[in-house]
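Subject: Structure handover

Hello,

Here is the structure I promised to pass on. Please open it alongside this message.

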Amino acid sequence: MPSLSEQMQAVRSRAEVCLYSGGRVVEVRAGVMAMANVSLPPCSKYQHITAETMVIENSFGSNRKETLASLQRLSTALNILEKYGCNLTNPNRPKYWRTVKHNNPVFRATVDAIQGGRAVLCLYGYSNQQPDGLSFPDDVTDPDVGRVAAVTLEVMSLRMELEMLIKEAHPNPEFYERIIPTLRHKDVGLNTDAVVYQSASIPCHSEAQSKSVGFPIHHHSSSHGRSLSSTQQGGRSIQLFPVSSNKHPENCAICQIFRISAHCLSCLQGLCSECDRLYHSHPERASHRRTAVTAPSSSSSSQHRNSHSSSTWRCLHCSKVNWLQDVLCEECERPHMEAISCKADESQPATITEWQCKSCTMVNAASSILCEVCERPRLATRPPVTPSHPPITPPRPPAPVLGMPGDPDSQWVCQFCTYLNYSPATVCEMCDLARPEPAPLPLKLRPPSPVRRVPALSIKPKVPASENLDTCRQSLMKEEGLKLIQLIRDGEKKGVSPEEVYTSIKVSGDSSILPGKWLKTELPLLLDHIGTLVATSSLSEHTGRPCEAAEHAGSQEQRAGLQLSRVEAKQAWLTAGGSTEGAATQALRDRLAKVKELCALGFSDEACCHEVLRQSAGDLRGALALLQRPLLEAFHKRIWSDKLEPPVDIHQPDKQRICRRLLAVYDLPSWGRCELALSLLLEHSATYSLEDVVQAVRESHDREFIKRVLAKECPICLSVFPHSKMQSLTSCQCSVCCGCFKQHFTIAVRDKHIRDMVCPVCWEPDINDPEHLNSYFSTLDIQLRDCLESEVYELFHKKLTEQALIKDPKFLWCCHCSYGFIYDGDQLKVTCFQCCNSFCAQCKKPWECQHAGLSCEQYQSWKRENDPEYQRQGLAGYLRDNGITCPNCRFQYALSKGGCMHFCCSQCRYQFCSGCNNPFHTTCAVDECSVSGLHAHHPRDCLFYLRDWEPSRLQALLQNNGVTFNTEPPPGTQTDLCGVIEQKDEGGQQPDSACGTQTQPGHAGLCEKHYREYLVSLINSHSIDPAPLFGSNELLLAARRYKVDESRRDKEDTFTFYSRLLQKLMDEAPLGDKVPRKK
C-alpha cells in the first residue's frame, strides 16, 4: 500500500494536469478536496508555499473565536491569490495579467493585509518591483504555467483546509491545533461573577485579557496547553502593554498584583481599590456600577495559595521565566534543573545612571520614568519576534506501558527527570533530552549504573559476597527510584513540582509520609519560621556565620523591620535544599540584592522598597510597577482618555527630537527614513500630510519616487493626491481620486444600469463578456463595500441579484408589465405576481383560452386563420410577433428590426445584432480581427447582409427552395402607409411608433425595407443558405471574410473554381447558430 506521501504526490500530479490543461471545474475541485483530506501536516503536505508559517503568522486572538476570525481573513486573501493563479493558467488571460498593483483596494484589504501574500505572488512569477506594484520580468513573455498551477493548487488546498477548519469539518484538526494552541479549546462564555473559587486540585485561570500597568508580563501556560507569543496573538504594531492571559482570578485585572476589592458591572472586570479609583476617575467612566467584593476565607485562601504558587524558576537553557509547578520550560521544553551558582548570587547589580528607550532609542536619565521624546514608559518594549520556522523535533518511538514484561536491559532511567524509558528510544519521553552515554570506567572502579539495570548474572555454585552486596544495593536503588518517580507523578497531578516533592521527603526524613499532605500541613509553618528568622534579625545565631550575615544583612535597623512573604521564603527554601538556616540566608541575600537594584533605578527609600517587594511576593517587576504607579498616574489618565494624541510639530527647532518622535510613534524602519520624511515635509512647495509621507517612506527610500507617489493627478477632477488616496479597478491601469470614484459609482448605481459600472476614464471592461463579468463584480463588490453609502450599496446588491436571476433558465418576463420572476411549473399558462395577468411561458404571448391544449405553433396558425384583428394587421402583425428577443435575458420586444442592426436591451443593457443575435463589442475575441470600433461578426444569412439584396432576388431564393411568400396585402388592411411598429430615435428619446413610410405595389402592404425583412425572416425560418445566389465578387469577399482558402488550382477553369469555392464555403463556414429560426 503506498505511503501518505506517495498518495499525496499522485493526487497532486493529477490535479496539476487538470488545472493547467483547462479541465472542468468539478475535476479541479475534486483534486483539491482530495489534497486537503490527505492526513499529512501542513509542513509535509505543501512543497511550494510555507503554509504552516502563513497560518501561524496570520492567526491572531486569545480565544478560539478570535483565531477563527483571523483565519477567515486569511482564507479571503487566499481566495484572491487563487484568482490571480487561475487567470495565469487560463489560456484566455486578462489584458493586464503582467502586473499587480499595490494601490488596488482589493489587494490592500486582502493580499497585502496578510503575512506571506506577496511571497505567493513572487512564486507565480511577479518578481519585478514596479513603482506601483509587481510585474513579470520584461524578458518573460508567458508565465510558467506548470509552476503557477502547482502553486495555485496549494493555495486552493490551503484555503479549503481553512474553510473546513472554520466549519469544524476538518478530518485532522490536530495538525492545526498543534501550531495554534487557541484552537484546542472551545470558547467559554464570559463569567460576570466578581470572584470565582475552585478546588485546590484544579488550576483556575482567568480567561479575560487585561493591560499591564507599567511593565510587560510573561505569558504562562496552564497544564493543558502552551501560551502564544505576542506576535502569534495578533500584534504587528508596537504594544506598550503586552497582554497576560493566565493570572489568578482574585487579583486585579489591571495590575495583576492586589486582590479584587470591587467588580465593575459596566466594563466586566475586577479591580483593586487603587486601580478602581484611578480608572474610574475619568468622567466618562465615573457612572459605572461597581459592587464590593469580600475577601475569601482564610482556609480557602491558604489552599488557593498553596495550589497556585506564584514562585518562578528561570530556565538555564533559554532564560525563560516559568511557574514553579511547571516541570518543563514553556519555551524550549527542557526540564527544571536545580543549579545554584554562588558567584551569580554574590554578584551585585551595577549602578544604572541612564537607560535607552526601546521605542525611539532616546537615552534618558535613570530617575526619569517616561521617555523625554516619545513619552512612553520606561519598561514599554516592542513585541518580541518569534522565529518563523519553529524547531522541528525528530519523532520519538512510543513508550511501552509501565511494567511491561521484557528484557530488563531494555529499560533506562533518565538522569534529569528520573523517568523510566524503554529501548530503543534514545530520547526521554518526558523531558526530550538525549539518553546519556557515560564514558566506560575501569572494571574495578565502575560504579553501579544509575541509568540502566545490570543484566542478571548466570547462577554459579559459589557467588562472591561482594557481588551479592552490589546486587542488593542496585535493587534497593531501583525500588527507591521507582517510588520517587511515582511520588513525583502523583505530585504533578496535584500541581506540586518535583523539587517540592524531593525537598519535602528530604526534610521530613520519612519516605512513608505523602509529600502533598506534608506540604499542606507542615510547610506553611516552616515558611513562617523562615520569615521570623529574617524579621527578628537572629540569622547570625542560627547560621553560626556572623560575618557573612553582617555582610549581607547590613545594619541592625534595616533588618529589624524586614518582612518576608511566603513565596520568597518558599523559593529560598527550595534553593537551599530544605535547610531552614540556609533558606533564611538565601532569602535575605535575594531581598537585599533586589532592594539594591531598585535603589539603582532611582528609588532611594529602602523601607518603601522592602514593602513593595513583600506585596509583590519578591517579584522585581511587580515591585517596580508599584513604585512607578504614582509617578505614572498622569500618563495613565492620558492614555485612558479618548482625546487624540497631540500631533507632531515638524517646525520645532530640535530636528533630532522630531525624528525620534517619528521613529517611536510611526514605527519607521530606520533613522534615515525619519530624516527623509522630515525633509519632505519641510519642503516649501510641499502639500503633503504627515500620514501620507510616512506611508510612502515606509514603502521606499527613493526620494524622487516618493515625490512622484505623493503627487498623482486625478484624470477627472485634475486635482493632485498621494498615491494611497487614489482608487483603481482591477480591469485597467487608470487611477482616480477617492471622491471621483465614489461619485461615479454612486450615480451609476442610482441612475444607470448595472453594466454602466465600469472605469470612468477608459470605460473598461467590456461587460458583454460573460467570462469576465462574474470576476469583475466580485472584486468590485469589495471595493464598493467601504466606499458607498449603506443605502447605495444595498441598491447595488439588489441590481446584482437581478442580474443573476436573469441568467436562470426558469426566469420569465411578464409580457404585460415587464415584471420578472422565477417560474418552476410545467404548465404553459403563467400568471404574473405583479399585474395578475396570464401569458404563455413558451411563446411569451398573452394567454387566450384557445391556446389551451395547443402548442405555440398550432395556436399561431389558428390565430392567423381565424382572428380578424390579426388578419387585418397582415404582415405587420407577423413582424411584430416575430420581433426582437434579447439573447441574454430573453426579454421580448414587439418591434421590427428596422434599419440599424445594433440593438441595446433596456433590461440588461446587452448589445447585440437584431438579425443574428451576435454580440456587439469593442474588444474582439476573434483572432486576427483588425476592427477596433464597435462591431459584431455576422453570418452570411444575417439580415445585416441580406437587407442589401433586392426583393426580387430574395423572392428568387425562396422560390428556388419551394417557400411561398405574400405579395398582396390581406383584405381590409391599410395599403398606403406601412404600419410596422419600430423603435425610433427622436431627440434623445426612443419611442415605439408605426413606420409610416409609403408602401410599394407587390410588397404585401409594407414599405420596401420591412418587406425585405419579411422575406429574410422566411429565409431564416427555413434555414436557407443564400450562397448559391452569390456572384463571383460576393463569393470571393465571403471567402476572405470567413477565412476560407480561395487559392486557385493549376489549370482550373473559372466555372470549376467558383463551384469548388462555393461548396467549400458552405462546408467550412456554416450558417449562424444564433439566427432566429421562428416559423
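What follows is a short tour, from the whole chain to single side chains.

Overall picture

First, a caution: this is a predicted model. The protein has 1079 residues, and 43% of them count as buried. It holds 39 helices and 28 strands. Take the contacts between residues at least 6 apart in sequence: 56% of these join residues at least 24 apart. The exposed surface comes to about 56800 Å². Carbon and sulfur atoms supply 53% of that area.

Start with helix 7, residues 117-124. Its buried residues are G117, V120, L121, L123 and Y124. They span an arc of only 155° around the axis, so they lie on the same side of helix 7. What do they pack against? The partners are helix 4 (51-57), helix 5 (64-89), helix 6 (105-111) and helix 8 (145-166), plus strand 1 (99-101) and strand 3 (133-135). After helix 7 comes G125, which has a positive phi, near 125°.

Now go to helix 28, residues 703-710. Here F705, I706, V709 and L710 are buried. Their arc is only 135° around the axis, which puts them on the same side of helix 28. An α-helix has 3.6 residues a turn, so residues three or four places apart point the same way. The buried residues of helix 28 pack against helix 26 (671-681) and helix 27 (690-699). They also pack against strand 15 (712-713) and strand 16 (720-721). Look at the start of helix 28 too. There, a side-chain oxygen of D702 comes to within 3.3 Å of the backbone nitrogen of E704.

Aromatic rings

How many aromatic pairs are there? The count is 16. One of the pairs joins F741 and F745, with ring centres 4.8 Å apart.

Y776 is buried, at 5% relative accessible area. F777 is buried as well, at 7% relative accessibility.

There is also an aromatic cluster: Y819, F821, F833 and F839 form it.

Charges over rings

Two arginines are worth a look. R285 lies over the face of Y279, 4.4 Å from the ring centre. R953 has its charged end over the ring of W949, 3.8 Å from the centre.

Last stop: D276, in helix 10 (residues 273-279). Is D276 buried or exposed? Its relative accessibility is 13%, so D276 counts as buried, the cut-off being under 20%. Which side chain does D276 meet in a polar contact? The partner is R290, at 3.0 Å. Setting aside neighbours within four places in sequence, D276 touches A262, L271 and R290.

Best wishes

Conventions. Residues are numbered from 1 along each chain as its sequence is written. This is a predicted model: local features need pLDDT of at least 70, side-chain atom pairs count only at pLDDT 80 or more; totals for chains, interfaces and linings use all residues. Side-chain values use heavy atoms; hydrogens and water are left out. Buried means under 20% relative accessible area, exposed over 50%, partly exposed in between (1.4 Å probe, protein chains only). Helices (H or I, at least four residues) and strands (E, at least two) are DSSP runs, numbered from the N terminus. The arc is that of the directions from the helix axis to the C-beta atoms. Contact means heavy atoms within 4.5 Å. A polar contact is a pair of N or O atoms within 3.5 Å; within protein, one must be able to donate a hydrogen and the other to accept it, and residues adjacent in sequence count only if both atoms are side-chain atoms. Rings of Phe, Tyr and Trp (its six-membered ring) pair if their centres lie within 6.5 Å; planes under 30 degrees apart count as stacked, over 60 as edge-to-face and the rest as tilted. A charge sits over a ring if NZ of Lys or CZ of Arg is within 6 Å of the ring centre and within 35 degrees of the ring normal. Accessible areas come from the Shrake-Rupley method with a 1.4 Å probe; for residues, only the protein chains shown count as cover.
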